[in-house]
Amino acid sequence: MKLSSKPRATALALALSGSLALAACGASNETDSGGTGSGSGEGAELSGNLVGAGASSQQSAMEAWQAGFQGEFPDVQFSYDPAGSGAGREQFIDGSADFAGSDAALDEEELTAAEERCAGGEIFELPNYISPIAVVYNLEGVDELNLTPETIAGIFSGAITTWNDPAIAADNPDATLPGTTITPVHRGDDSGTTENFTDYLHQAAGDVWTAEPDGVWPLQGGEAANGTSGVVEVVTSTDGAVTYADASRAGDLGVASVAVGEDFVAPSAEAAAAVVENSPAVEGRGEHDFAIEVNRVTEGSGEYPIVLVSYHIGCIGYDDQETADNVKAFMNYVISEDGQAAAAENAGNAEISDSLREQAQGAVDAITAAG
Amino acid sequence: MTATKAPTERPAKQGAVRRPGDRIFAGSAKGSGIFILVVLAGVAAFLISEAIPALTAPAEDIPGGEGLASYIGPLVLGTLLAAVIALVVATPLAVGIALFVTYYAPRRIAAALGYVIDLLAAIPSVVYGFWGLAVMAPALVPFHEWAAEHLSWLPFFAGPTSASGRTMLTVGLVLGVMILPIISAIAREVFSQAPALHREAALALGATRWEMIRMAVLPYGKSGVIAGAMLGLGRALGETMAVAIILSGGAGATVNLISSSNPSTIASNIALRFPEATGVGVNTLIASGLVLFVITLAVNMLARWIVNRRADFSGAN
Amino acid sequence: MSTATRSASGTSAPQDTVRVERRLSRSATVGLYLAGIALGAGLSALTGFAVTSTVVYGVILGTLAVYVTSRAVEGRRKATDRLVTCLVTTAFGIAMVPLVSLVWTVLSKGLARLDGDFFGMSMFRIVGEGGGAYHAILGTVIITLLATAISVPIGLLTAIYLVEYGTGRLKRGITFFVDVMTGIPSIVAGLFAFALFTLLFGNDFRAGVMGAVALSVLMIPVVVRSCEEVLKLVPNELREASYALGVPKWRTVVKVVLPTAIAGLGTGVTLAIARVVGETAPLLITVGLITGTNLNPFDGRMATLPVFAFYQLTQPGTATQAFLDRAWTAALVLIILVMALNVVARLISRFFAPKTGR
């Protein structure tokens with residue numbers, strides 16, 4: 001029995017030295033790029049932490065922003081928890097996050113709490129991530145599809161059950177529609193995508209779609225899947241299935257054009273940015289609060305009304321200089337043309353328009369310490 | 001000295017000498033046990049305090065607008081359905097596997113085979129989820145159709161069948177695969193520990209291998225198998241990611257296992273809804289977590305009652 | 001088998017069984033089984049040939065063929081024995097199906113990115129393709145080791161208490177509530193750890209240790225339950241022999257009971273680690289996700305493999321394939337990690353197990 005202590009000690013030593021050896025080599029991409037060499041002159045001034053939390057819809061855009069931001073300011077420890085919009089807003093309000101990413105603007109109650117959290121009692125809400133939501137379908141032999149809001153509502157509520165239904169045929173005189181059963185697929189999780197989609201159906205097709213907008217799919221039953229990946233996966237593997245998902249994720253699947261006024265508009269970055277630009281602001285908000293009500297019933301040509309708008313929410317006044325500088329620098333990068341282009345390349349979202357950028361720039365310039 | 005005192009304090013049974021080391025060791029062992037109770041009390045207190053706002057909130061504030069009971073009810077049904085399917089499928093299989101590895105497989109490869117089954121336990125639940133979605137669900141569609149055709153007189157197979165196979169049945173089977181290594185590992189361990197004297201005596205009396213197992217191994221391993229099954233059930237009840245990924249859930253209460261409208265399970269519903277939840281919605285989800293906690297409590301009480309009807313057969317008593 | 005006469009059908013009197021040794025040879029049983037499978041293939045061909053139905057019919061028919069023949073030739077007891085052999089082997093075969101399918105899925109999708117970069121790089125400043133999981137691998141290893149360091153002593157000591165010391169209501173209470181603890185949903189464990197640490201250290205505290213505590217809540221009951229079962233099986237004779245030699249109880253436990261049970265304890269701990277190493281939800285709430293490397297579990301967020309894999313899978317960017325490849329490779333690495341731990345546990349238990357004849 002005495003002998004047994006020796007191999008145990010050896011094993012421990014081996015394990016220890018192994019972990020030390022691992023720790024010593026470090027990640028190759030971090031050791032060579034960090035430090036003083038690569039950052040621009042201005043960047044070397046910033047340091048400390050920058051903590052964001054919130055919507056996972058922004059995750060891939062955030063990766064691009066983070067990469068660009070850290071290229072400029074390598075000494076700032078940046079993190080973004082894709083914990084969800086609700087969690088993000090909560091963490092921002094209780095002070096554990098410096099800014100939040102959120103698929104919905106703050107409601108009245110949260111706004112009051114957020115204003116208390118900030119020095120000077122003023123917050124910013126910037127619609128920095130705009131993504132068109134496409135109606136995505138998998139139907140053999142049909143490459144183009146036009147749908148009115150009423151038809152979409154009918155399909156998703158189960159009133160329209162086959163692809164050769166007269167309501168669909170009326171808008172697609174040139175297509176040969178098969179009699180395949182429609183399998184509408186919706187998100188099983190609570191998501192900003194569902195909320196925006198049901199809001200669109202509620203406003204644009206209120207006669208057919210009677211449910212209130214909600215992040216949780218409001219109807220009982222039907223095929224549900226988890227996350228954008230889930231719904232796209234199901235639609236890809238099921239003939240006759242249709243769903244709603246970020247346009248950038250449609251891949252090889254069919255994407256429907258949606259009736260806007262007299263035209264049918266396909267989802268595109270430009271059309272999504274256009275509808276956001278022309279949507280009215282939420283009333284009674286602060287000077288730097290650009291929460292908007294997306295105009296779902298727009299008739300403007302070239303506007304696509306089913307968009308997800310995800311905000312960055314933060315303070316105009318922070319308690320300490322470091323945080324204020326970091327948030328300011330990050331937001332500056334996010335709304336810059338470079339930042340928007342980087343996000344669009346990685347996430348496939350729509351870049352914000354110049355007038356939106358101008359608005360946002362005003363808010364970002366106002367960020368200070370202890371206002 | 002101490003040796004002479006010991007028997008007067010604790011006669012016969014407590015054969016060992018009592019020393020300071022004993023007191024420290026016994027104390028720390030007892031302390032660990034009590035610590036676990038404290039942690040559990042902490043979790044329970046946390047759940048209850050967070051669930052109270054949902055219990056007191058008016059019905060229309062609860063997601064769904066019809067009150068807490070009608071929100072959680074279908075989830076409870078879904079949780080139990082999935083876990084029961086998993087347990088019913090996995091337990092006999094696991095016992096079979098454990099017997100195969102311990103008494104049937106050739107000695108030289110038995111350890112390796114056990115190791116291979118343990119591999120199943122090493123696979124993270126996210127992977128089970130994506131495998132279930134991409135491989136298992138489509139593969140089970142023909143079975144769904146067959147069941148709808150031939151077994152539709154059972155309410156479980158009433159149909160109509162799901163085109164994608166992402167049903168309660170599929171989820172139950174995937175969960176069964178997930179808990180298989182847990183049950184079989186423990187069963188294997190207790191089976192292999194069955195006293196060699198008993199086994200050899202049985203064989204010497206002319207018993208066949210199966211008779212030897214039935215008389216010498218199974219009674220000995222029964223409590224271990226039930227313990228393993230309970231561990232597996234706990235895992236199946238609380239499994240989050242795999243169910244969330246596979247199940248087409250969110251519908252009302254139904255026992256129909258093969259349609260695309262299924263009740264969700266408590267754990268997966270929390271995972272799917274929690275990130276975007278606010279206000280009373282958060283409390284409602286935590287209240288559902290409390291209900292899951294209570295279900296586990298009830299299930300365990302039941303299992304314990306079953307086990308205790310026959311006293312444990314173990315080497316230590 | 002053709003030489004067997006039909007006279008021996010039914011159970012023969014006990015005195016006969018000693019003398020009469022009518023046995024099916026090994027090749028005969030295998031042959032019968034194969035014949036059953038061939039018949040199954042034929043039956044399957046009637047309804048449109050398919051591999052699944054061939055296997056299902058074949059296994060049923062093969063089992064039946066062996067049972068019926070054995071019943072006719074060897075009698076009821078032997079036939080039951082053969083039937084159970086078939087069933088048990090089938091059970092093992094059934095378990096192999098999902099295993100092979102899973103391993104194949106993960107291997108075929110995960111091998112694409114199993115390269116040096118994956119182990120040498122983090123996702124720091126990586127957009128789109130490339131990058132690796134260096135940071136997540138280390139994060140998972142550190143947090144899991146920490147969780148193990150918390151759970152195993154507590155769990156093992158509790159199991160020892162339950163088996164060696166416990167009496168009365170406290171023992172029953174602990175056993176019962178440990179079972180209840182196995183049912184805590186992982187996300188609730190995460191929320192609990194989060195609430196605990198924010199209560200103690202303030203709202204903005206985030207550290208790997210939070211995740212380790214959350215995982216420990218999930219891990220402890222598994223450790224206790226499996227260790228308890230194993231310790232129970234240590235024969236009392238060993239303990240009594242030790243006491244008889246005047247060895248104090250605690251030394252008996254440490255030097256006799258634990259080494260005897262070490263193989264089972266190793267299995268139990270490995271199971272417990274496997275149970276928590278793939279957890280996503282509690283880690284996301286507590287330790288979050290970062291792109292760089294953080295090796296200090298007591299300060300700041302850490303990346304972990306399951307969270308990394310989950311977000312690579314569910315939130316891919318436009319270069320979708322690169323994200324999916326990373327996710328599956330992360331899953332593969334996670335499995336390899338657990339397997340490696342398993343091997344280590346087995347080596348340790350072999351090392352410390354007492355040399356017995358068994």
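How many Å separate the centres of domain 1 of chain A and domain 2 of chain A? I took the centres over C-alpha atoms and got 32 Å. The model is a predicted one.

**Entry 1: the two domains of chain A**

I noted the bounds: domain 1 of chain A covers 6-130 + 274-292 + 308-369, and domain 2 covers 133-272. The contact takes 12 residues from domain 1 of chain A and 10 residues from domain 2 of chain A. I looked up the area next, and the two domains bury about 730 Å² between them, with 50% of it on carbon and sulfur atoms. On the side of domain 1, A:Ala274, A:Leu308 and A:Ala350 supply 51% of the area buried against domain 2, more than any other three residues.

I then checked polar pairing. Strand 4 (123-137), helix 10 (269-277) and strand 12 (307-315) of chain A each supply at least two residues of the domain 1 side. Helix 10 of chain A gives the most to that side, with three residues. By class I recorded nine nonpolar, two polar and one charged residues for the domain 1 side.

**Entry 2: chain C against chain B**

I found 87 residues of chain C in contact with 96 residues of chain B. The area buried between these chains is about 8,300 Å², and carbon and sulfur atoms give 76% of it. In chain C, the residues that lose the most area to chain B are C:Phe92, C:Leu102 and C:Leu233, together 9% of what that side buries.

Which side chains meet in a salt bridge here? They are those of B:Glu211 and C:Arg77, at 2.7 Å from N to O. The count between chain C and chain B is one salt bridge, and the rule finds eight residue pairs in polar contact. Helix 4 (residues 76-110) of chain C provides the largest share of the chain C side, 19 residues. That side divides into 56 nonpolar, 19 polar and 12 charged residues.

**Entry 3: chain C against chain A**

I looked up this pair last. Contact involves 36 residues of chain C and 39 residues of chain A. The two chains bury about 3,200 Å² between them, 53% of it on carbon and sulfur atoms. I found one salt bridge across this interface. A:Asp81 forms a salt bridge with C:Arg301, with the closest N and O atoms 3.1 Å apart. Helix 6 (134-165), helix 13 (305-314) and helix 14 (320-352) of chain C each supply at least two residues of the side that touches chain A. I recorded 17 nonpolar, 14 polar and five charged residues on that side of chain C.

Terms used. Residues are numbered from 1 along each chain as its sequence is written. Chains are lettered from A and ligands numbered from 1 in the order in which they are written. This is a predicted model: local features need pLDDT of at least 70, side-chain atom pairs count only at pLDDT 80 or more; totals for chains, interfaces and linings use all residues. Side-chain values use heavy atoms; hydrogens and water are left out. Contact means heavy atoms within 4.5 Å. Buried area is the accessible area (1.4 Å probe) that two parts lose on being put together, summed over both. A salt bridge is a side-chain nitrogen of Lys or Arg within 4 Å of a carboxyl oxygen of Asp or Glu. Helices (H or I, at least four residues) and strands (E, at least two) are DSSP runs, numbered from the N terminus. Ala, Val, Leu, Ile, Met, Phe, Trp, Tyr, Cys and Pro count as nonpolar, Asp, Glu, Lys and Arg as charged, and the others, Gly among them, as polar. A polar contact is a pair of N or O atoms within 3.5 Å; within protein, one must be able to donate a hydrogen and the other to accept it, and residues adjacent in sequence count only if both atoms are side-chain atoms. Domain bounds come from an automatic or database domain assignment.
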